Amino acid sequence: MKARRNKKQVPSFRKLLKTSKVKLENKLKNKQFKKQSTLKKYRKEQRKLRQAVKDAVSKNPIPLEDPKKIRPVKRLEKEEEEEEEEALPLDMMDEDDLQLMKDLGQRASFLTRDLSSSEPIHAKKRKHERIIDKYEKMPRTLQTAPEKELIHLLPIKDKSGIIPQTREKPVIDSNRDEEDQKEELELEEEIIEEPVRELTIEEHLIERKKKLQEKKIHIATLASAILSDPESNIKKLKELRSLLMEQDPDVAVTVRKLATISLMELFKDITPSYKIRPLTEAEKSTKIRKETQKLREFEEGLVSQYKFYLENLEQMVKDWKQRKLKKSNVVSLKAYKGLAEVAVKSLCELLVALPHFNFHNNIIVLIVPLMNDMSKSISEMCCEAVKKLFKQDKLGQASLGVIKVISGFVKGRNYEVRPEMLKTFLCLRIKEVEVKKDTEDINKPKKFMTFKEKRKTLSRMQRKWKKAEEKLERELREAEASESTEKKLKLHTETLNIVFVTYFRILKKAQRSPLLPAVLEGLAKFAHLINVEFFDDLLVVLHTLIESGDLSDQESLHCVQTAFHILSGQGDALNIDPMKFYTHLYKTLFKLHAGATNESVEIVLQCLDVMLTKRRKQVSQQRALAFIKRLCTLALQVLPNSSIGILATIRTLMHTFPKTDLLLDNDSQGSGVFLPELDEPEYCNAQSTALWELHALRRHYHPVVQKFAAHLIAGAPSEGSEALKPELSRRSTVELFETYSMAAMTFNPPVEFANSKKKDKFLQGQSFLNEDFNQLIKKHCSEVATQSSLDFTKYFKTSLQ
């Protein structure tokens, strides 16, 4: 039994572990508690020391009693009595003694100690310390000497105790101050006596020219050094970028502009054709060759300097927008716009030139709001840059980024933006033909033989060689830097979706917005890519817009153009009668003239090509005759370039519809009377009229109009004397309209005289008429004044005869 009990009392290994853990925890707690208690004690002692020093400094010591009056025997007796009194408790003392102790406690002599000694303050009093020794240790000063002011510093503590630190306040000598003031006055007088000579305007200009020439040479030197060896001289980019903050007010604006343009051209030249990514931690830790390390340093420096440069350009634009002068006042407010224009131009160049490099999306975010800027020059600059980017972007990655930002900006501004922003969408390369062409150029599809075909046609050894060749070709194709067709089509699809979402939002929410013509023009261009499911709803919306009467003539023409682009593509399968759109175009033709609406003729020519030429099977002969007759009448009242385009369209229609040559005969072959004022082309009886307008156009002052009129009168032959030259017959109607444009307010081609004699006679006759007219006015001025207006005209005619 005893053995069993002893076995039970022996603690197990787990219990020992538990108890050891408890002991360790207790030990740690005790250590922490001791540390805390010692810290508290130390803080209390420090507080007491600081308070004692403050009290000793603030209170003046009271002089001690004269030691001669007190005998040494009595002194010893008093000290023994004080020691005994200190040993007694307070309750054993008399009331008089207690009162005396309280009075002594209120006096400052209890706190006055010799702080200059190295003894600690809290040291115990020595029993036989004499008062005379204390008194002797205190410093004595003569009354005649002036008292020195002391500055009390923080005390120092060492092994012996606390040592207070003091410093004498420097005494200012009044005599020296007067001497210094006199010297300063003399220096000021010398400065006033010799003022800086002011430069004249000519000297100032010469000095500015010298400074500017030095800065130009400095910029050219840095730029040539960077171009010669970019990897070694990449740090000089920082030096060149520092000139963007030029502080000399004479040349600050010019130097900043030159530095901005120079840096832009440098980045375009030295930037690699790939995007530089940041290095990972593993790549940084690995050992590499010197050449690789040099290349990495170049790439890191290039990216950082490019980032700082873009930030500087952004700050220039912000300064101009905020129109707030900086503290330096080096650049005036008027110069801010010039700097901002240079900065925007640099951003536009980098947007177009470096779409593959870092921070391209940041440039897009800066450029897109500036497309809607109040300044016309900056807005046009940014729009042109975006158009260039769209035209040269074959893949579509950069175009997608720009389209996303523009769509969000237009929506955020509640569709109150410039129409030019949406007109940039027309430059997108998302036509089906261009996509197929680009994909064939980038990735030519190659079919590999299947296993069954190889087994039928090839032997075992040939199959082995063929397999190795195909594997090598696949690896080479993966190694090429070309993008796949699927990725490109995916990007184009996403871009078009965003474009159509923007267009449909404007059609739905902002029908009276000035953006509507740009939307309709864009829909007309990309209509063949719209999903067939939206065709019915879109045509209904277009028809309601035309019938509402809120649109201008140009906007309604855009609606017609969009409707027929939709119907000419995938819409051929739909059973939709577009007669109302034909009627609207026929009605709108007579609203055009040689004034402001002359530019709308280009849209009319595009609509006629889609409505009549491409849909020739759906167009009746009666409708074709009515349009030819009205177009021939319209050619009389528009500018020459519009007349040439219209006559070229009539020529195409005569070739497309051969039976329309009956309009060249004088004898009417149809029944009924021609009704030119009727707006329905099917019922105006156009077969009963003739194209008499061509004879009037044959005597037109423009030579090309004369040629086209004579060509049409002859029946638009393709051979013979009346046939057109290839330079006129092979061009489209829109090309002819743009070629012979009179936008520069000059004749195109210039009017030429047959010979110089006729020209001289014409000029002489013109001058003679002017002189004769002036003489007649002077001669008959008094007579004319008395006659009536009717008699004046008769008299004037007879006098001229």
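Reader: Are Phe564 and Phe581 buried or exposed?
Author: Phe564 is buried, as is Phe581; the term stands for under 20% relative accessible area, with exposed over 50% and partly exposed in between (1.4 Å probe, protein chains only). The model is predicted, with local features requiring pLDDT of at least 70 and side-chain atom pairs pLDDT 80 or more, while totals for chains, interfaces and linings use all residues. Residues are numbered from 1 along each chain as its sequence is written, and side-chain values use heavy atoms, without hydrogens or water.

Reader: What makes Phe564 and Phe581 an aromatic pair, and of which kind?
Author: Rings of Phe, Tyr and Trp (its six-membered ring) pair if their centres lie within 6.5 Å; planes under 30 degrees apart are stacked, over 60 edge-to-face and the rest tilted. For Phe564 and Phe581 the centres are 6.2 Å apart and the planes stand at 75°, so the pair is edge-to-face. Phe564 belongs to helix α23 (residues 553-568) and Phe581 to helix α24, so the pair ties together parts 17 residues apart in sequence.

Reader: How do you know which kind of pair Phe564 and Tyr582 form?
Author: Their centres are 4.9 Å apart and their planes 75°, which again makes the pair edge-to-face. This pair links distant parts of the chain, Phe564 in α23 and Tyr582 in α24, 18 residues apart. Both Phe564 and Tyr582 are buried. The structure holds 10 aromatic pairs, and one aromatic cluster is formed by Phe267, Tyr306, Tyr309, Phe357 and Phe359.

Reader: Why are α24 and α25 called oblique to each other?
Author: Helix α24 (residues 579-588) and helix α25 (residues 601-613) pack at about 140°, their axes 12 Å apart. Angles under 35 degrees are roughly parallel, over 145 roughly antiparallel, 65 to 115 roughly perpendicular and the rest oblique; α24 and α25 are therefore oblique. Their crossing is left-handed, meaning that the near helix is turned anticlockwise from the far one by less than a right angle.

Reader: Which residues of α24 and α25 meet?
Author: Phe581, Tyr582 and Leu585 of α24 meet Cys607, Leu608, Met611 and Leu612 of α25, contact being heavy atoms within 4.5 Å. By class, seven residues here are nonpolar, none polar and none charged.

Reader: How do you know whether Ala716 is buried or exposed?
Author: Its relative accessibility is 5%, so Ala716 counts as buried. Ala716 sits in the loop between α29 (703-713) and α30 (726-729). Its phi is near 55°, a positive value in a residue other than glycine.

Reader: What makes Asn414 buried or exposed?
Author: At 52% relative accessibility, Asn414 counts as exposed. Asn414 is placed in the loop between α15 (397-412) and α16 (419-423), and its phi, near 60°, is positive in a residue other than glycine.

Reader: How many helices and strands does the protein have?
Author: There are 34 helices and two strands; helices (H or I, at least four residues) and strands (E, at least two) are DSSP runs numbered from the N terminus. Of the 801 residues, 32% are buried.

Key
Axes are lines fitted to C-alpha atoms, for helices over the stretch in contact, and angles run from 0 to 180 degrees between N-to-C directions. Ala, Val, Leu, Ile, Met, Phe, Trp, Tyr, Cys and Pro count as nonpolar, Asp, Glu, Lys and Arg as charged, and the others, Gly among them, as polar.
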